[in-house]
Protein chains: 2
Amino acid sequence: MTQATTNGLASRVNAQVHIIGAGLLGASIGLGLREHGVDVTLEDASPTTVALAADYGAGRPRLVTDPAPDLVIVATPPDVVADVIERALTTYPHAVVTDVASVKLAPFEELTRRGVNLTNYVGSHPMAGRERGGAIMARADLFAARPWVICRDADTPAAALSLVEAVALDLAAIPIEMSPQQHDAAVALVSHLPQAVASLLAARLLDGSEQHISLAGQGLRDTTRIAASDPELWVQIFSANREPVIEGLTALQGDLGELIAALQQPDQPGSRRAIADLLAAGNRGAARIPGKHGSSERFATLTVLIDDRPGQLAALLTELGDLGINMEDLRLEHSPGAQIGFAEIAVLAEVAERAVTDLKERGWTTL
Amino acid sequence: MTQATTNGLASRVNAQVHIIGAGLLGASIGLGLREHGVDVTLEDASPTTVALAADYGAGRPRLVTDPAPDLVIVATPPDVVADVIERALTTYPHAVVTDVASVKLAPFEELTRRGVNLTNYVGSHPMAGRERGGAIMARADLFAARPWVICRDADTPAAALSLVEAVALDLAAIPIEMSPQQHDAAVALVSHLPQAVASLLAARLLDGSEQHISLAGQGLRDTTRIAASDPELWVQIFSANREPVIEGLTALQGDLGELIAALQQPDQPGSRRAIADLLAAGNRGAARIPGKHGSSERFATLTVLIDDRPGQLAALLTELGDLGINMEDLRLEHSPGAQIGFAEIAVLAEVAERAVTDLKERGWTTL
């Protein structure tokens, strides 16, 4: 059921797609579908945004003479998503309508309350984003290997579900079916809570002097990176997912209170144990997070010593290519001025052992 | 005042150095000083650790026939650091003694309370570490471009200060003078608070189902990475720096309470504003953190498109080498299965413009 395209990439989406909202997510979906030769039209409250996204190759502005789309993807900010879904269902009664909002229950309940016929609506949420939004940050590969949650119900026609799944698959995402409730509880935990915590932590830095901040290292940078996110967007997300977010924050508040109490009474029996228990729980929680590639078992990481001669990394990568070993990811640990660095290279687990042997044979030091 | 060495690296440390504690920090200092040809002896409560660190090239076990060291570096866990400093000052009365513990006021006060003569003691703290400890994780470049805090007082002999500074400089670190109080307040903010927050956040994940966790993305991974740290070590650090840590956690608790209250009363006038203000404070706090290279002005980042043909990254790096452009850092954004990826390459700011022009001329796409 795929169609061949001019640039050679087959597409599962045999349909005319209309995207409403041409920001980071809308434009990235458009870019990805265009690479598969899908005809994508764009609409946005801002004509400038449509023009920009079209310039980036995310689609073309919709003409009045265009036939009705088969699929409408709503990629607007969360606080207008219910309105825009309702309007799309009314304007294009034969189209499947999906959205990519990061909260799924609130718009569904709002539309149900309004008595909107939701047969053709399939909620979805690609788990992807960047700190900075806008079409200018759009990337065709934003969704690659990321989960793409799809919320269907018993009334969802199979064809509607397939069409939304086809979009996810064309963008190399991994479709996962969940109920809106399951989805919202999950994102509260893995996305909304980390955002709140990163923002609150970063806000504490306003109390520090320049000298204090000058000691900042990678730990602080990592824990606060997402604190650079758009406040307006996140007020909407938190508000739309209030209950699970409050639940998570309240549990965190309890643990934080326990930690403070234990530190305030250092000589109380059990105080050190209480602190150690909280830290050990953090160890176990962190260990539950799958690796960058979804499954930590699928990939193995080689650490290869790189000295400071020019071209060493290029030589290493050329060598890997010669050995027929595909690099899935690369991280360089190299400090300016240092004599040596390390390349951490992710490869498929099954070739890792051979890669180490072959590299050693060719004179590389692996750790 | 530098001495040439067999491997060609000059050393500022014209002294016999003895390191007590051959874990991650002690062994990394030993490795770095050995690269400069400094004679380093090692001591550890565990003979296995000394043997391992010596095998790694971090120094040699100390012999009874060895002359007294000129400099003793105490790199033990924080809860025994005061005892070991006192013993070193007694055993080697003519040596300068420093330590690398991550809290500076508590051991200083403890030693003062005991009436130890601290003239030859200079506290220090290199701001470097890894989630996993042990000699096996040691790296000569662990301290490169990292701040190395040195706490002197009015009684500190200039020669003692110089010797500790020389170690920092040989290891390519950046010496920064601070009082123990200033240091402890700074690390509470930029290191201890992030550790506590990351651990508490990661601990929340124990409540989630497998399905919840399967939606985890880079934001969660970054915010919880340091939650993998050793609980025993961190109980000692928190306990040794109780007051500034409690102060930071209490301020955080206040903000967290505000956020929860605002979310609980969504229709209260000002609730959304309160949430937005907390998030915006997080934006401003995050913006205060210097970049990976200490100064965001010194380096510029080029983003170069890499398609999925084998050897593209190797070709790009070779090209950069041909153009005489030094790569200071590299980050690859490439998802498995995606058609394209990006290489983010840090170069000295002054060559960035030329690099972009030259790469474009040679057919590369820069963003």
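1. Where is the place of B:Ala145 in chain B? In this predicted model, B:Ala145 sits in the loop that runs between strand S6 (121–126) and strand S7 (147–151) of chain B. Its phi is near 65°, which is a positive value in a residue other than glycine. B:Ala145 is partly exposed, because 18 other C-beta atoms lie within 10 Å and a residue counts as buried at 20 or more.

2. A:Ala172 also deserves a look. This residue is not a glycine, yet it has a positive phi of about 65°. A:Ala172 belongs to the loop between helix H5 (158–170) and strand S8 (174–177) of chain A. Is A:Ala172 buried or exposed? A:Ala172 is buried, since 20 other C-beta atoms are found within 10 Å.

3. Next, the nonpolar cores. The largest one has 200 residues, and the members that touch the most others are A:Val74, A:Ile85, B:Val74 and B:Ile85. Apart from this core lies another, of 34 residues, with A:Ile345, A:Trp364, B:Leu317 and B:Leu320 among them.

4. Which residues does B:Ile85 touch, not counting residues up to four places away in sequence? They are B:Val74, B:Val97, B:Asp99, B:Pro107, B:Leu111 and B:Tyr121.

5. Last, the interface. In chain B, 108 residues are in contact with 109 residues of chain A. On the side of chain B that touches chain A, helix H6 (residues 180–204) gives the most, with 19 residues. That side of chain B is made up of 62 nonpolar, 30 polar and 16 charged residues.

Notes:
Residues are numbered from 1 along each chain as its sequence is written. Chains are lettered from A and ligands numbered from 1 in the order in which they are written. This is a predicted model: local features need pLDDT of at least 70, side-chain atom pairs count only at pLDDT 80 or more; totals for chains, interfaces and linings use all residues. Helices (H or I, at least four residues) and strands (E, at least two) are DSSP runs, numbered from the N terminus. A residue is buried if 20 or more other C-beta atoms lie within 10 Å of its own, exposed if 12 or fewer, and partly exposed in between; C-beta atoms are placed from the backbone. A nonpolar core is a set of buried Ala, Val, Leu, Ile, Met, Phe, Trp, Tyr and Cys residues joined through C-beta atoms within 7 Å. Two residues are in contact if their C-beta atoms, placed from the backbone, lie within 7 Å. Ala, Val, Leu, Ile, Met, Phe, Trp, Tyr, Cys and Pro count as nonpolar, Asp, Glu, Lys and Arg as charged, and the others, Gly among them, as polar.
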